[in-house]
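Please keep the sequence and the 3D structure in view while reading.

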Amino acid sequence: MFTTYDPQYASNMVEGVDTAFMVIFGISFFFLIGITAVMIWFIIRYRRNKHPKAIQVKDNPALEITWTVIPTILVMIMFYYGYIAFSPMRDVPSDARVVKTVAKMWSWEFEYPGNKLSSELVLPINEPVVLEMVSLDVVHSLFISAFRVKEDVVPGVTSYMWFIPERLGNYEILCTEYCGLNHSFMESVARIVTREQFDTWLDSIPAATNLDEGLVIMRNNACTGCHSMDGTKLVGPSFQGIFGRTETVLIDGTPTQVTVDSAYLYRSITDPDYEVAEGYNRGLMKSYKGVIQDKDIQTIVQFLMTLQKE
Ligand SMILES: [Cu+2]
């Protein structure tokens, strides 16, 4: 599914990061081998039957200066290459295309101009892009390893990353900050296409205003992080066919049959711990009473009522 290795760089950030990596790796490798060799040599040379009495060696200024100056120079060399790679990453070109990126348990959402939402990051080749990233719940981290870019997404903060995709293909997007139960499923794909393909794709996406208002409110409140619409069990029950279905709920621990109607839906949102859907944990969903305006809760209920079971 994903484009495999090709000597041609996939983004403008690859060269700097790979150079810094090879410099640090090279220096570390040299010392790993060097220190191990010296250690083995000392073990043999100064073994007890050759040197039965240890001698205290004191004050060797030449040696001390050497082992201070050389590592300082090496660390500065590593810093230099790291800085050369890092500094352009913070310097976003003014003509970069802005894609708003929303991280939530446990999916990525990319928002294009005109209120167009996509779960895949589709981008035209050779054009700079900046992702403006927010989180709706906990700390996530967006990582596109082929592009050598990675940035944390922290609730309450807008972070950003930019790059120029330079090779066509599909590249894996991962969340690299452990963010709960389905963290390992929090993945997506960066699809790099030609400009014409990109324009056609963008035209084909319906604007989010065409989405049901109730669904928009649910997305904004991260309900969809715990509830799927397609039957998948997440943290909470799926909303697929929820209206009119008969299910078992626990009231004070006593199993009770209910048929889902609008009153039940309203109660589930405002007092989720009263009736707890069987097989799910109490206390995970907080009450949204006073968090979401009452009229918006009514709108959600109306939207959920359209999801009837066949
Ligand atoms: Cu995550």
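In which sense do strand 9 and strand 10 pair, and over how many bridges? The model is a predicted one. In it, strand 9, residues 169-175, pairs with strand 10 in the antiparallel sense, and 6 bridges connect the two.

**Strand 10 and its partners**

- Within the pairing of strand 9 and strand 10, Gly-169 stands opposite Ile-192 of strand 10.
- Strand 10 also pairs with strand 4, residues 121-124, here in the parallel sense and over 4 bridges.
- Opposite Leu-121 stands Ala-190, a residue of strand 10.

**The two faces of strand 10**

- In a regular strand, side chains alternate between the two faces of the sheet.
- Strand 10 spans residues 187-193, and its covered face consists of Ser-188, Ala-190 and Ile-192.
- The uncovered face of strand 10 holds Glu-187, Val-189, Arg-191 and Val-193.
- Ala-190, which stands opposite Leu-121, and Ile-192, which stands opposite Gly-169, both belong to the covered face.

- An open sheet is formed by 3 strands in the order 12-11-13, with antiparallel pairing.
- Strand 12 (254-259) and strand 13 (275-277) are the edge strands, each pairing on one side only.
- On average, neighbouring strands of this sheet are turned by 45° against each other, with direction ignored.
- Strand 11, residues 246-251, runs antiparallel to strand 12 and is joined to it by 6 bridges.
- Thr-246 has Thr-259 in strand 12 as its bridge partner.

Key:
Residues numbered from 1 in each chain as written. Predicted model: local features only at pLDDT ≥ 70, side-chain atom pairs only at ≥ 80, totals over all residues. Buried ≥ 20, exposed ≤ 12 C-beta atoms within 10 Å, placed from the backbone. Pairing = 2+ DSSP bridges. Axes fitted to C-alpha atoms, helices over the stretch in contact; angles between N-to-C directions.
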